[in-house]
Amino acid sequence: MSQPDFPFDNSYARLPEHFFARLEPTAVARPRLIRVNEGLAQDLHLDAAALRSPEGVAVLAGNCVPAGAEPLAMAYAGFQFGNWVPQLGDGRAILLGEIVGRDGVRRDVQLKGAGRTPFSRRGDGRAGVGPVLREYVVSEAMARLGVPTTRALAAVTTGEQIAREEMLPGAVLARVARSHIRVGTFQFFAGRGDTDALRALADHVIVRHDPAAAESDQPTLALFRGVLERQAALVAQWQLLGFIHGVMNTDNCSIAGETIDYGPCAFMDTYHPETVYSSIDHAGRYAYCNQPSIAHWNLASLAQALLPLFVEQAAGDEDTAVERAKAELERFPGCFDAAYDDGMRRKLGLAEARPDDPVLAADLLECMAANEADFTLTFRNLCDAQTERGLLPDAFDPWLTRWRARIASEDCTAADRRDRMRATNPLYIPRNHLVEEVIQAGMAGGETGDFEPFAQLVEVLERPYEEQPGRERYATPPEPGQIVHQTFCGT
Ligand code: AMP
Ligand code: MG
């Protein structure tokens, strides 16, 4: 079979040369396929069979650059745990190019773990098979849960070992995103006082993500509004699923509004608002309950970076520009609450909005925390608790009485309500102990690894809302000995 055909059309590569470093991936010793995401390949006009062929695997491993690719590492900066880092950039990722998919949406195809770049600092430019499997499983699960996210097109092992605390098998993830532009990309240029670059980047983003902003008399403010609304909606979805990102640095905050950079991320099992998994997040900055305010903080950083353009679009009047930006920024809590309250109403099976609904929802969460209830299963079991408590503990009775009175005031059959609730409260999520289990299998047996458990988990998570007989263990919270207490960055 010949090389797979990638219908690339690369817009980022047409931006000024100091936006990136052009370079090719570094070849690896013995690439082997772990998995190709067939549906996503089709959506991108790619032939999955060609990707699985030796020529395709060579492309996915970075050993061969396909025709039409214009490989590059993107420059960006960022606030990491609140500290300014003027230069980060793709240190282990190389953008091959962009493809306009069957849905008309332009997407990046990037190889993560593709070797050193000028932005690698002290890193080796590589990724381990563990973080690659984790990102594949969790990002694809997020997509099926309806959350905007980067996707996993394929994963391969490299046949090379990488040095971390121990030697680990290396891997490369082919990642797909609406774009890899981050808040930190704007900050990179703002930090250098390069207003021409800021303008060029904003224009690029408007064409790509916020075309309506082009019609505005203040396009950058309209662009900012778009980013803010996407982030508010995104983080609301995380909260509604019990998802903890783990490293909400501004360089991991996507302008397209996708969940990006699955490092020490995790879905909560037992609900507690202050849950933190990341081994490096000692102060709990990125705890579950802090995610909305951190997103708001990241957007304030973006507004700061965009200020020179806001000033230009306020005829040079800085006070007016700052006032306008502040007014936009202040919309965040309202946008977040609207998305969160709406989603929570759906989780509770409520069709109409009533003023007391947020209190009802907050009281449920309080009851869950007090009883160390499983986040996902509590909502799932609630679908069947309209008349009887079912699998919920009896401590929920007082709350259930209030909820039943509330649902009784709406005209809807119990069966309809249950079906609606089941379509929004998943049964299967990528629980940490399951992810850990498939990673351990993948790492065992050296180069060949056992990727069958990984494949099975990916397949279960393709239908998160549907009961899958025989797959009960995938819905079960961890036994005490299986609980994962900490997660680690993919570095
Ligand atoms: P992350 O924590 O994965 O978002 O990465 C933060 C920064 O470190 C980014 O600039 C990455 O490109 C860079 N980085 C992470 N891991 C590596 C690695 N193994 N080699 C080179 N750069 C890396
Ligand atoms: Mg990152």
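**Figure 1. S301 in helix α8 of the predicted model.** S301 sits in helix α8, which spans residues 291-312. The model shown here and in the other views is predicted. S301 is buried, at a relative accessible area of 9%. Setting aside residues up to four places away in sequence, S301 touches F79, Q187 and T250.

**Figure 2. The magnesium ion (ligand 2) and its protein donors.** Two residues supply the protein donors of the magnesium ion: N252 through OD1, and D261 through OD. These donors lie 1.8 to 2.2 Å from the ion. N252 and D261 are both buried. D261 returns in the views of ligand 1 and of the salt bridges to K112 and R182.

**Figure 3. Surroundings of ligand 1.** There are 17 residues around ligand 1. G89, G91, R92, R121 and G125 come nearest. A polar backbone atom of G91 is 2.7 Å from an oxygen atom of ligand 1. For R92, an N or O atom in the side chain is 2.7 Å from a ligand oxygen. For D261, a side-chain N or O atom is 3.3 Å from an oxygen atom of ligand 1. Taken alone, ligand 1 exposes 480 Å², and the protein buries 88% of that.

**Figure 4. The salt bridge between D261 and K112.** The side chains of D261 and K112 meet in a salt bridge, at 3.8 Å from N to O. The pair links distant parts of the chain, 149 residues apart. D261 belongs to the loop between β11 (243-244) and β12 (266-267). K112 belongs to strand β7, residues 106-112. Are the two partners buried or exposed? D261 has a relative accessible area of 14% and is buried. K112 also counts as buried, at 10% relative accessibility. Both values fall under the 20% limit for burial.

**Figure 5. The salt bridge between R182 and D261.** R182 forms a salt bridge with D261, and the closest N and O atoms are 3.5 Å apart. This pair, too, links distant parts of the chain, here 79 residues apart. R182 lies in the loop between β10 and α5 (183-191), and D261 in the loop between β11 and β12. Both R182 and D261 are buried. Elsewhere, salt bridges that share partners join D9, R14, E98, R106, D108 and R208 into one network. The count of salt bridges comes to 38.

**Figure 6. The salt bridge between D124 and R164.** The side chains of D124 and R164 meet in a salt bridge, with N and O 2.7 Å apart. D124 lies in the loop between β7 and β8 (127-128), and R164 in the loop between β9 (151-163) and β10 (167-177), so the pair ties together parts that are 40 residues apart in sequence. Both partners are partly exposed: D124 has a relative accessible area of 29%, and R164 one of 27%.

**Figure 7. Buried residues of helix α16.** Helix α16 covers residues 452-460. Its buried residues are F454, A455, L457, V458 and V460. Which elements do these buried residues pack against? They pack against β2 (32-36), α4 (129-144) and α15 (432-443).

**Figure 8. R331 in the loop between α9 and α10.** R331 is found in the loop between α9 (318-329) and α10 (332-347). R331 counts as partly exposed, at 25% relative accessibility. Leaving aside neighbours within four places in sequence, R331 is in contact with R225, L228 and E229. R331 and E229 are 102 residues apart in sequence, yet their C-alpha atoms are 8.8 Å apart in space.

Figure 9. F81 is not a glycine, yet has a positive phi of about 50°. F81 lies in the loop between β4 (78-80) and β5 (83-85). F81 is partly exposed, with a relative accessible area of 26%. E372 likewise has a positive phi, near 50°, in a residue other than glycine. E372 lies in the loop between α11 (357-370) and α12 (375-382). With a relative accessible area of 62%, E372 is exposed.

Notes:
Residues are numbered from 1 along each chain as its sequence is written. Chains are lettered from A and ligands numbered from 1 in the order in which they are written. This is a predicted model: local features need pLDDT of at least 70, side-chain atom pairs count only at pLDDT 80 or more; totals for chains, interfaces and linings use all residues. Side-chain values use heavy atoms; hydrogens and water are left out. Donors are N, O and S atoms within 2.8 Å of the metal (3.2 Å for Na, K and Ca); water is not among the atoms, so sites may look incomplete. Buried means under 20% relative accessible area, exposed over 50%, partly exposed in between (1.4 Å probe, protein chains only). Helices (H or I, at least four residues) and strands (E, at least two) are DSSP runs, numbered from the N terminus. Contact means heavy atoms within 4.5 Å. A salt bridge is a side-chain nitrogen of Lys or Arg within 4 Å of a carboxyl oxygen of Asp or Glu. A residue is near a molecule or strand if one of its heavy atoms lies within 4 Å of it. A polar contact is a pair of N or O atoms within 3.5 Å; within protein, one must be able to donate a hydrogen and the other to accept it, and residues adjacent in sequence count only if both atoms are side-chain atoms. Accessible areas come from the Shrake-Rupley method with a 1.4 Å probe; for residues, only the protein chains shown count as cover.
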